[in-house]
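Work through the following exercises with the model open beside you, and try each task before reading its solution.

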Amino acid sequence: MYRNEANEYWQNPFFNEILTEQMNHWMFFPLALVVAGASRNLTGEGDTMLPAWVLCSLFPFFYFLVRYVTGHLFPFVLLHLAIAALSLLVPVSFPAGKTVCIFCALGYLLHSHILRLKHDELFSNGLHLPAGVAMAAVSAFFVHYLEIEEWDNYYVFALIASIALYFIIYYIEHYLKFLAVNESSAGFLPAAEMFRSGMGLVLVYTVLGAGILLLSSQFAWLSGILQPVKALLLRFLRFLFSGKSAPAEEAEIPLVEEQPGNGISELALPKASEPFWLWKVLEFIAAAALACAVCVIAVLLLLKLFQLIRKYMNLHFHRENNAKAEETYDFREKCGLEHNPEKRKKHLFDSLSPRERIRKLYKKKLLSSMPQLSEEDRNRMDIYTAKEWERKLETNGMSGLYEQARYSNREMSGADVRQMRAACK
């Protein structure tokens with residue numbers, strides 16, 4: 001039989017879920033920086049809220065534990081609301097940061113409900129890498145627009161860490177799929193050795209790539225290292241070309257005196273300290289669009305949540321009814337003696353057809369035989385099939401003609417009616 005030796009904790013789907021949740025969480029960190037920077041410029045209160053964001057990273061993990069442990073709807077929703085209430089206790093020094101933490105907890109709550117109620121899944125999917133890069137690019141634009149250059153490293157480091165986690169998670173997911181495909185195969189498979197060798201290469205390349213990204217993002221520090229190299233290269237080039245040609249004399253650039261204006265007024269440019277009016281308009285439009293988008297998304301998510309809860313409760317109710325019905329009744333071919341109020345009205349001459357006359361003879365025989373039957377048989381009139389009634393009433397040939405008239409597409413004739421009348425005597 002197949003034997004799996006990969007028992008390390010990082011090969012467990014739960015560990016992969018934790019890595020995925022952290023990657024998704026830190027991809028959204030640049031957006032939190034934008035809110036903190038806007039709060040700092042508008043109200044004078046705002047910081048990078050790094051400790052608060054670290055505490056908020058525990059919310060998806062707690063929601064995952066609730067999805068894994070709880071199976072019933074009421075405790076599932078109640079525990080989610082209790083965990084979301086903990087967002088009020090996250091230490092943040094400014095109101096906008098507290099709002100970000102609350103929205104973060106509510107967003108993870110809705111995501112957990114969608115996974116459990118709609119898709120019936122425990123594990124979440126990772127965000128696509130282009131989405132994380134796009135959020136970091138938007139954050140970089142707004143942070144530079146807000147003139148908070150000391151925060152550049154925060155969103156850069158968060159993006160690089162998310163990229164590194166993305167490739168590690170990518171390898172683990174494909175490795176787990178490989179184990180699932182080969183789970184039923186025969187023979188020995190060195191799963192642990194395969195994982196260690198592959199993960200070793202992934203970690204080496206990922207750490208190397210993350211290091212290169214970190215070095216390339218630190219322009220000031222990198223320029224200080226490259227400055228001596230640049231000076232050494234220039235000296236080497238001067239040494240090579242020193243004997244070939246004499247250095248050219250520097251030509252003096254004449255200074256052009258400014259001529260007085262001809263009386264024509266020039267367009268005055270805005271001062272460096274004052275922002276251009278167009279940027280103010282764009283800022284107002286972007287803020288209004290962001291507020292409207294947040295409200296619309298919140299309303300849509302709430303409506304979706306209510307629909308999912310109602311759908312889940314209806315499905316749960318139908319499953320319970322079906323389970324009880326399967327335990328109580330025997331689903332077989334029924335005669336259908338009871339009157340169906342939803343049956344569509346038939347034409348007047350349909351009752352005179354051979355098919356309907358055979359069915360009436362069958363019902364008449366059963367109703368006329370009720371006084372001679374036991375109490376148990378009378379109570380089970382709508383449960384016994386035509387074959388069972390034929391055996392109890394000793395009417396040979398009755399069930400076959402009735403089933404053909406009731407269920408088949410064969411055209412019945414007057415001879416069939418006479419044969420049914422003879423069988424029911």
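A residue is called buried when its relative accessible area is under 20%, exposed when this is over 50%, and partly exposed in between, with a 1.4 Å probe and protein chains only as cover. The model is a predicted one, in which local features need pLDDT of at least 70 and side-chain atom pairs count only at pLDDT 80 or more, while totals for chains, interfaces and linings use all residues. Residues are numbered from 1 along each chain as its sequence is written, and side-chain values use heavy atoms, with hydrogens and water left out.

**Exercise 1. Classify glutamate 356 and arginine 359, and describe how their side chains are paired.**

Step one is accessibility: glutamate 356 is buried because its relative accessible area is 15%, and arginine 359 counts as buried because its value is 10%.

Step two is the pairing. A salt bridge is a side-chain nitrogen of Lys or Arg within 4 Å of a carboxyl oxygen of Asp or Glu. Glutamate 356 and arginine 359 form such a bridge, with their closest N and O atoms 3.7 Å apart.

Step three is the location. Both residues lie in helix H12, three residues apart, which is about one turn of the helix; helices here are DSSP runs (H or I, at least four residues), numbered from the N terminus.

**Exercise 2. How many salt bridges are counted, and which parts of the chain does the pair of glutamate 17 and arginine 67 link?**

The count comes to four salt bridges. Among them, the side chains of glutamate 17 and arginine 67 meet at 3.7 Å, N to O. This pair links distant parts of the chain, since glutamate 17 belongs to helix H1 and arginine 67 to helix H4 (residues 58-69), 50 residues apart. Both glutamate 17 and arginine 67 are buried.

**Exercise 3. Describe the salt bridge of arginine 116 and aspartate 120, then examine the backbone of aspartate 120.**

Begin with the distance: the side chains of arginine 116 and aspartate 120 meet in a salt bridge of 2.7 Å, N to O. Next compare the two partners, of which arginine 116 is buried, at 17% relative accessible area, whereas aspartate 120 is exposed, at 56%.

Then turn to the backbone. Aspartate 120, placed in the loop between helix H6 (95-118) and helix H7 (129-145), has a phi near 55 degrees, a positive value in a residue other than glycine. Methionine 49 likewise has a positive phi, of about 45 degrees, although it is not a glycine. Methionine 49 is found in the loop between helix H2 (29-43) and helix H3 (50-56), and is buried, with a relative accessible area of 4%.

**Exercise 4. Is histidine 25 buried or exposed, and what lies 3.4 Å from a polar atom of its side chain?**

Histidine 25, in helix H1 (residues 13-27), is buried, because its relative accessible area is 0%. The backbone nitrogen of serine 57 lies 3.4 Å from a polar atom of the histidine 25 side chain.

**Exercise 5. Identify which residues form the positive patch and which form the nonpolar patch on the surface.**

First apply the rule: patches are made of residues with over 30% relative accessible area and no salt bridge, like charges being joined within 9 Å and nonpolar side chains (Val, Leu, Ile, Met, Phe, Trp, Tyr) within 5 Å.

The positive patch is formed by Arg357, Lys364, Arg418, Arg421 and Lys425. Helix H12 (354-368) and helix H16 (414-424) each supply at least two of its residues. Arginine 421, found in helix H16, is partly exposed, with a relative accessible area of 36%.

The nonpolar patch consists of Val296, Val299, Leu300, Leu302, Leu303 and Phe306, which together have about 570 Å² of accessible area, a value from the Shrake-Rupley method with a 1.4 Å probe. Leucine 300, in helix H11 (residues 277-328), counts as exposed because its relative accessibility is 52%.

Conventions. Lys, Arg positive; Asp, Glu negative; His and termini not counted. Charge placed at Lys NZ, Arg CZ, Asp CG, Glu CD. Polar contact = N/O pair within 3.5 Å; in protein donor to acceptor, adjacent residues only side chain to side chain.
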